[in-house]
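Here is a short report on one protein model. It covers salt bridges, the sheet, the helices and the nonpolar cores.

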Amino acid sequence: MTNLLLKIQNQLQEQRPFAVYSKPGSSVVTGIFQADSQTHYLTDFTRKGFVFAPFEGDEYLFIPAEDSDVISVTVEANGFAPAEPAPVAIDADAKTKFEALVANCVNAINTGKFGKLVASRSEMAQLTVTDITKVYQNLLYAYPNAFKYCFFHPEAGLWMGATPEQLLKAQNHTIHTVALAGTQLYKEGEEAIWENKEKEEQQFVTDFILNELKPYTNQITTTQPYTFRAGNLVHIKTDISAELKDASHLKEVLQTLHPTPAVCGLPKTEAKQFILQTEGYNREYYSGFLGEINHDFATGKQAQTDLFVNLRCMKVNGNVAQLFIGCGITKDSNPEKEFFETVNKSMTMRRVL
């Protein structure tokens with residue numbers, strides 16, 4: 001692990017791209033370190049490497065396998081238990097603005113134009129630890145069931161996150177994805193009770209994915225919705241599998257799924273435009289996607305793609321972290337309740353800072 005952490009520090013000092021990550025439930029941490037500082041974008045979806053894509057636009061940053069050093073290490077859980085951060089001081093202005101955004105979303109949904117919208121915001125937090133590798137180690141140990149990553153590129157800056165949501169997993173012709181929506185705080189020993197609003201939101205996501213996959217796949221199967229824990233939160237989740245009609249359809253499937261209704265809304269194109277016009281800030285790479293393309297770097301297996309939606313993430317600049325948080329809005333959403341949902345979600349990153 002020491003060599004990996006030193007490599008991170010060296011890449012940052014030299015301003016060279018890298019991606020370090022650990023998959024859900026895995027004790028393996030893999031680092032892909034580009035040998036130079038050249039900028040690559042993913043345009044050929046048969047190439048092997050690591051992709052980091054924004055919410056808006058098709059300039060997908062890419063670290064090519066053939067131009068990179070790869071380090072994989074196994075880490076053991078160290079018993080790290082993140083302390084609960086002090087209660088967040090509520091920014092009254094931010095609260096007012098976000099509640100107005102949610103009310104705007106609800107009004108738009110009630111016109112019948114949208115079935116769902118996703119509202120998001122960002123807030124700043126101070127890093128109490130100046131060593132970025134320490135923050136990343138905290139992420140690794142705190143969120144074993146998430147995709148924990150640290151990514152740097154001169155074009156994007158330094159990002160870290162622990163996302164619970166898979167966008168797409170592919171092995172040859174078989175693909176897997178998930179529909180994830182609804183959010184509650186996890187309570188030890190208590191079963192989550194989901195309201196109709198949350199069940200409806202999750203069904204929107206499931207139906208969208210199934211409909212969008214049909215032109216490119218056969219044999220689509222789904223699980224029943226179930227409660228899934230991610231850190232201090234729980235969500236409703238449905239697992240979806242299908243067979244690609246042709247392996248070359250990977251690009252079309254990926255571009256069809258992104259952005260999913262879980263980060264955008266329905267209908268997708270109109271919802272995305274609404275978000276871009278009304279949120280009032282640039283999401284950048286929040287709610288984009290990231291991960292391995294056509295190669296499993298830890299095992300060396302070919303034709304394997306493993307991509308995640310960039311949620312529960314932050315952009316780090318010096319000793320300040322910009323946290324990105326959002327929530328799904330339906331006709332029954334309460335603006336103040338949705339604001340405090342974003343506060344709860346911000347704790348995922350605050351707990352490791």
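## Salt bridges between separate parts

Lys7 and Asp69 form a salt bridge through their side chains, with an N to O distance of 3.7 Å. Lys7 belongs to helix H1 and Asp69 to strand S5, so the contact ties together parts that lie 62 residues apart in sequence. The model is predicted. Lys7 has 21% relative accessibility and counts as partly exposed. Asp69 is partly exposed too, at 42%.

Glu66 and Arg47 also meet in a salt bridge, here at 2.7 Å from N to O. Both sit in loops: Glu66 between strand S4 (61-64) and S5, Arg47 between S2 and strand S3 (49-53). The pair therefore ties together parts 19 residues apart in sequence. Glu66 is exposed, with a relative accessible area of 53%. Arg47 is partly exposed at 24%.

## A salt bridge within a helix, and a network

Lys197 forms a salt bridge with Glu201, and their closest N and O atoms are 3.5 Å apart. Both lie in helix H4 (residues 196-213), 4 residues apart, which puts about one helical turn between them. An α-helix has 3.6 residues a turn, so residues three or four places apart point the same way.

Lys23, Glu292, Asp296 and Asp306 are linked in a network of them.

## The sheet

An open sheet is built from 9 strands in the order S5-S2-S1-S7-S8-S17-S18-S6-S14, with antiparallel pairing. Strand S5 (68-74) and strand S14 (265-266) are at the edges. Each has a single partner strand, so one side of each lacks a neighbour in the sheet. Helix H1 (residues 2-14) packs on the sheet. H1 touches strand S1 (18-22), strand S2 (28-34), S5, S7 and S8, and its direction makes about 30 degrees with that of S2.

Strand S8 (residues 157-163) has 7 of its 7 residues buried, so the rest of the structure largely encloses it. Strand S7 (residues 147-153) pairs with S8 in the antiparallel sense over 7 bridges. The two form a hairpin with 3 residues between them. Across this pair, His153 stands opposite Gly157, and Tyr149 stands opposite Gly161. S8 is also joined to strand S17 (residues 313-317), antiparallel, by 4 bridges. There Trp159 faces Lys315.

## Nonpolar cores

Which residues touch the most other members of the largest nonpolar core? Phe50, Phe52, Tyr149, Phe151 and Trp159 do, in a core of 70 residues. Helix H2 (residues 92-110) gives the most to this core, contributing 7 residues. Leaving aside residues up to four places away in sequence, the contacts of Phe50 include Ala19, Tyr21, Ile32, Phe147, Phe151 and Leu290. Glu292 is also one of the residues that Phe50 touches. A second, separate core has 32 residues, among them Ile8, Val75, Ala146 and Ala321.

## An enclosed helix

Helix H3 (residues 132-142) is largely enclosed by the rest of the structure, because 10 of its 11 residues are buried. The buried residues include Ile132, Val135, Leu139, Leu140 and Ala142. Thr133, Gln137 and Asn138 are also among them.

Methods: Residues numbered from 1 in each chain as written. Predicted model: local features only at pLDDT ≥ 70, side-chain atom pairs only at ≥ 80, totals over all residues. Heavy atoms only, no water. Buried < 20%, exposed > 50% of the residue type's maximum accessible area, 1.4 Å probe, protein only. Pairing = 2+ DSSP bridges. Contact = heavy atoms within 4.5 Å. Axes fitted to C-alpha atoms, helices over the stretch in contact; angles between N-to-C directions. Core = buried A, V, L, I, M, F, W, Y, C linked by side-chain atoms within 4.5 Å. Salt bridge = Lys/Arg side-chain N within 4 Å of Asp/Glu carboxyl O.
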